[in-house]
Amino acid sequence: MVSTADVGRIAEFCHTDMTFRSSLGHSKDGVEGFSEFLTFIGAALGEFQCSIDDIISERNKVCARFTFSGVHKGDLLLFQATGAQVSW
């Protein structure tokens, strides 16, 4: 769902009251907020991939460590598109 930026499926996997905090400094609330973030990433990175490296859940909290990668095709933070392969 994340790698394909399939925002129509977010509600299948995420609670409506979720809070998402990204490694890029974004904090988004709810399914709509997470949808906005995926749309932003999808516009900035072509061939976007999201790999889950670790995931931990305890009570009502989940934390994950991801590796993101793609081709920098659109504005990302303060950087205009470079066409370069990026990952973090």
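**Sheet, helix and side-chain pairs in a predicted model**

Within the protein chain of this predicted model, confidence is lowest in helix H1 (residues 10-13), with a mean of 86, and highest in strand E5 (residues 85-87), at 95. These values are pLDDT, the predictor's confidence in each residue on a scale from 0 to 100. The chain averages a pLDDT of 89, and 99% of the residues score at least 70. Local features need a pLDDT of at least 70 and side-chain atom pairs count only at 80 or more, while totals for chains, interfaces and linings use all residues. Residues are numbered from 1 along each chain as its sequence is written, and side-chain values use heavy atoms, with hydrogens and water left out.

Helices (H or I, at least four residues) and strands (E, at least two) are DSSP runs numbered from the N terminus. Three strands form an open sheet in the order E3-E4-E5, with antiparallel pairing; two strands are taken to pair if DSSP finds at least two bridges between them. The edge strands are E3 (45-58) and E5, each of which pairs on one side only. From one strand to the next, the twist averages 15°. As background, strands of a sheet pair through backbone hydrogen bonds, either parallel or antiparallel.

The pairing of E3 with strand E4 (residues 61-72) can be followed residue by residue. These two strands run antiparallel and are joined by 11 bridges. E3 and E4 form a hairpin with two residues between them, and Arg59 in the turn has a positive phi of about 50°. Helix H2 (residues 30-44) lies across E3 and E4, running at about 140° to E3. Here contact means heavy atoms within 4.5 Å, and axes are lines fitted to C-alpha atoms, for helices over the stretch in contact, with angles from 0 to 180 degrees between N-to-C directions.

Four salt bridges are found in the structure, each defined as a side-chain nitrogen of Lys or Arg within 4 Å of a carboxyl oxygen of Asp or Glu. One of them links Arg65 and Asp54, whose closest N and O atoms are 2.5 Å apart. Arg65 lies in strand E4 and Asp54 in strand E3, so this pair ties together parts that are 11 residues apart in sequence. Asp54 is partly exposed, at a relative accessible area of 38%; the classes are buried under 20%, exposed over 50% and partly exposed in between (1.4 Å probe, protein chains only). Arg9 and Glu12 also meet in a salt bridge, at 3.1 Å from N to O. Of these two residues, Arg9 is partly exposed at 33%, and Glu12 is exposed at 53%. A further salt bridge joins Glu36 and Lys28, at 3.3 Å from N to O. Both count as partly exposed, Glu36 with 41% and Lys28 with 21%.

For readers planning to look at the cysteines, a disulfide is a pair of cysteine sulfur atoms within 2.5 Å, and the count by this rule comes to zero. Cys50 has its nearest cysteine sulfur, that of Cys14, 11 Å away, and Cys50 is buried at 15% relative accessibility. For Cys63, the nearest cysteine sulfur is that of Cys50, 13 Å away. Cys63 is exposed, with a relative accessible area of 51%.
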